[in-house]
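Some labels used for a protein model rest on cut-offs.

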Amino acid sequence: PYTTLFRSHQGPGRGGVQDPGVVLMRAVYSDRGDDFAASLTSQTITLLKPARLQMANADQMKGVVTGRFGSTVIHGAHVVFKDVDLTQIRQVDVSAFASSRQNQTGGVIELRLGGPAGELLGAGSLTAPEPNPPGGGRGRRGGFRRDPVHIVIREESGLKDLCLVFSNEKTDPEVTLMSVSRIEFLPELTENSNEGQSSPNF
């Protein structure tokens, strides 16, 4: 038996965002055979993705505009990452920010299996930033909220297509909710996780 590892080329992805690549693991086994039967060979190939995925490198996306500093989303937007190994994953952290200077309102992030109408794994939210301070203008940062959204998910195993759905029913359809840079998969819960909490009301 033997195992080979192959790492794909790393390079820029959508919007100039660095693509960390993937690792392809190939395990092959051949028996010795005998005088009456030829040797038999079997193999298994597994594609390993990194624990941190860039939002801009999702396999599918709708209602998303990618950029150098993050991907902006509107109400009803979603992205899909294919073949994500959720074995022993308890929490997903979404790096997101909302800026009142860009009229971003915050919203709910849902994790679903397969697609936007798939089974719900967990949800979290990014609240709206404070309004721009008086006198805010050129050169002023304005209201800004940058908080990792900690989402506890139920236990799953194996490779799944993971969908992130973004929503805020209280905002106009074309208003951006937030900007998202990356998604990280964790085997343990952090102190700020939302375990036991229901989906926020937006």
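Q: Where is Gln-91 found, and why is Gln-91 called buried?
A: In this predicted model, Gln-91 is found in strand S9. Its relative accessibility is 0%, and buried means under 20%, so Gln-91 counts as buried.

Q: What makes the pair Gln-91 and Asp-93 a polar contact?
A: Their side chains are joined at 2.7 Å. The cut-off for such a pair of N or O atoms is within 3.5 Å, so the pair qualifies as a polar contact.

Q: Why is Gly-106 called buried?
A: Gly-106 has a relative accessible area of 0%. Buried means under 20%, therefore Gly-106 is buried. Its place is in the loop between strand S9 (91-99) and strand S10 (107-113). Gly-106 lies 4.6 Å from Ala-128, C-alpha to C-alpha, although the two are 22 residues apart in sequence.

Q: What makes S10 and S11 a pair of strands?
A: Six bridges join S10 to S11. Pairing takes at least two bridges, so these strands pair, and they run antiparallel.

Q: Which residues have the most contacts inside the largest nonpolar core?
A: They are Val-94, Leu-164, Phe-166, Met-178 and Phe-185, in a core of 31 residues. Strands that each supply at least two residues of this core include S9, S10 and strand S11 (120-126).

Conventions:
Residues are numbered from 1 along each chain as its sequence is written. This is a predicted model: local features need pLDDT of at least 70, side-chain atom pairs count only at pLDDT 80 or more; totals for chains, interfaces and linings use all residues. Side-chain values use heavy atoms; hydrogens and water are left out. Helices (H or I, at least four residues) and strands (E, at least two) are DSSP runs, numbered from the N terminus. Buried means under 20% relative accessible area, exposed over 50%, partly exposed in between (1.4 Å probe, protein chains only). A polar contact is a pair of N or O atoms within 3.5 Å; within protein, one must be able to donate a hydrogen and the other to accept it, and residues adjacent in sequence count only if both atoms are side-chain atoms. A nonpolar core is a set of buried Ala, Val, Leu, Ile, Met, Phe, Trp, Tyr and Cys residues joined through side-chain atoms within 4.5 Å.
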